[in-house]
Amino acid sequence: MIFSSFSFLFFFLPVVLCGYIITPKPVRNCFLFAVSLIFYAWGEPGFVFIMLASIVINYVTGVAVERLKEKGSPVTRTLLAAGIIANLLVLGHYKYTTFLLRSLLEFQESFGVALTFAVPQIPLPIGISFFIFQGISYIVDIYRGQVIAQKNFISLGMYIALFPQLMAGPIVRYQTIEKEITSRNTTLESVVLGLRFFSFGMAKKVIIANGMGAIADAIFALPPGSASLPLAWMGIFAYTFQIYFDFSGYSDMAIGLGLLFGFHFPQNFNYPYIAGSMTDFWRRWHMSLSTWFRDYLYIPLGGNQYGVLKTYRNLFIVFCATGIWHGANWTFLVWGIWHGLFLIAERLFPAISSRMPALARHCYVLLAVILGWVFFRSESIEGAISYMGAMFDLTRVVPEALFFELTNARTGFFFGLGCVFSTPVFIWFRNRFARSFIFENIFSLCLFGISIVFLLNSTYNPFLYFRF
């Protein structure tokens, strides 16, 4: 069940909100835990046991780590490592086993080895990367003394399984909502603000992301390298908008849903396409993930404290991990390495970037990000290279029929929306000319209504995070 489905909008969410309101405060965590498990089990009931196993692992590890640390036990660090490994084994089994075995089979076949074996098709529990990372951050923060272990199993289960941020983030650390787990208030102001966030996020997903996604899918469905230069650029521009508005739209919806229940989730996107450097881009893109890798991988590796070479090594490791976190495919690893190399290059040659005009820096970042999305979107490295070749094939500048078929007022409308709302132009306009309670709520209501119309008139409503 996804947030932009009718079953969620007109059945699940209203029922849950009504139930939450009438549920006494002392048992609201129990209620949210139960409905979150129902939400997760909606499509694949068997996956709920994986979720419960993750909760048990982190509950037991968290309590044990805290008690052993209080006693000064030398095995505390070992137990923490065991908890982290247990989390990663769950993630690795379901997300990477099939990929690794298939890669091994292809690798040995390329050397003419006759070994053959059946590669199991292990289904991927949706959102597993998000709740596993939340569990790891929880037990690590206990070890660091930044949070107190949650002794109530239901409360911890509610935190890990909480349905607003379960499927597509943001990655919410325990310390961010620790106080709200035990004591929170849902006010009229927070509900109104939550509905605004949800409506705006839904419009980003349903109107812009879905509109751009249909165009990108049509072009990327062509045989690799067969598109003309204009069509190839149209396809990757469309995907550039799709991935941003889909992901940031879901994050906004999650933040809005959290506010409805009294939780304040962190901001996950801050207009990344206006960044002036690749470093700045990662301060704005998927902020909960980039800060997670900074605090739980980059800094433990040494960060930038042990010389230039180790700093570059740490950056490279972090972005390899960032790439493979997104999906079990070599294309995601290449995408992560691509970004990591740019961040290393910006540290190696800071003077070049600082002397470039602002417009040139911005264009460089956009080009680097867009080329990176080719690998992110493609099914194989070979396909990505072929697609990128089509983008720069000056012998095929004459568009084909599909280009003219897709070049219409509807496409222009979606691209126009993408250009405007990927920048803070609307926020500037609202703050300067139209900041009022009535305007903002009427605008949010209109966005919600338009989104429903789009959903009614289209069967295209993909969920991009099934691989996460």
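A residue counts as buried when its relative accessible area is under 20%. Keep that cut-off in mind, and remember that this is a predicted model.

At 19% relative accessibility, Tyr271 falls under the cut-off, so it counts as buried. You'll find Tyr271 in the loop between α9 and α10. Its backbone is worth a look too: Tyr271 has a positive phi of about 50°, although it is not a glycine.

## Another positive phi

His286 is also not a glycine, and its phi is positive as well, at about 40°. This one is in the loop between α10 and α11. Is His286 buried or exposed? With a relative accessible area of 0%, His286 is buried.

## Rings meeting rings

How many aromatic pairs does a search of the whole structure find? The count comes to 59. One of them joins Tyr20 and Phe261 in an edge-to-face arrangement, with 5.0 Å from centre to centre and 90° between the planes. Tyr20 belongs to helix α1 (residues 6-22), while Phe261 is in the loop between α9 (229-260) and α10 (278-284), so this pair ties together parts that are 241 residues apart in sequence.

Phe269 and Trp285 are both buried.

## Charges over rings

Arg28 lies over the face of Tyr20, at 4.5 Å from the ring centre.

There's a lysine version as well: the charged end of Lys69 sits over the ring of Tyr143, 5.3 Å from the centre of that ring.

## Two helices side by side

Now find helix α13 (residues 330-348) and helix α15 (residues 358-377). They pack with their axes 8 Å apart, at an angle of about 160°. Angles over 145 degrees count as roughly antiparallel, and α13 and α15 are therefore roughly antiparallel to each other. The way α13 passes α15 is a right-handed crossing.

Which residues make the contact? On the α13 side they include Phe332, Trp335, Trp338, His339 and Phe342. From α15, the contributors include Tyr364, Leu371, Trp373, Phe375 and Phe376. Glycine takes part too, in the form of Gly372 of α15.

## A mostly covered helix

Helix α6 spans residues 153-161 and is mostly covered, with seven of its nine residues buried. Which residues of α6 are buried? They are Ser155, Leu156, Gly157, Met158, Tyr159, Ile160 and Ala161.

So what does the covering? Among the elements that cover these buried residues of α6 are α2 (28-41), α3 (48-70), α5 (128-144) and α7 (174-182).

## One serine and its contacts

Last stop: Ser199, which sits in helix α8 (residues 188-220). Its relative accessibility is 8%, so Ser199 counts as buried. Leaving out residues up to four places away in sequence, what does Ser199 touch? Its contacts are Ser444, Leu447 and Phe448.

Definitions and conventions
Residues are numbered from 1 along each chain as its sequence is written. This is a predicted model: local features need pLDDT of at least 70, side-chain atom pairs count only at pLDDT 80 or more; totals for chains, interfaces and linings use all residues. Side-chain values use heavy atoms; hydrogens and water are left out. Rings of Phe, Tyr and Trp (its six-membered ring) pair if their centres lie within 6.5 Å; planes under 30 degrees apart count as stacked, over 60 as edge-to-face and the rest as tilted. Helices (H or I, at least four residues) and strands (E, at least two) are DSSP runs, numbered from the N terminus. Buried means under 20% relative accessible area, exposed over 50%, partly exposed in between (1.4 Å probe, protein chains only). A charge sits over a ring if NZ of Lys or CZ of Arg is within 6 Å of the ring centre and within 35 degrees of the ring normal. Axes are lines fitted to C-alpha atoms, for helices over the stretch in contact, and angles run from 0 to 180 degrees between N-to-C directions. Angles under 35 degrees count as roughly parallel, over 145 as roughly antiparallel, 65 to 115 as roughly perpendicular and the rest as oblique. A crossing is left-handed if the near helix is turned anticlockwise from the far one by less than a right angle, and right-handed if clockwise. Contact means heavy atoms within 4.5 Å.
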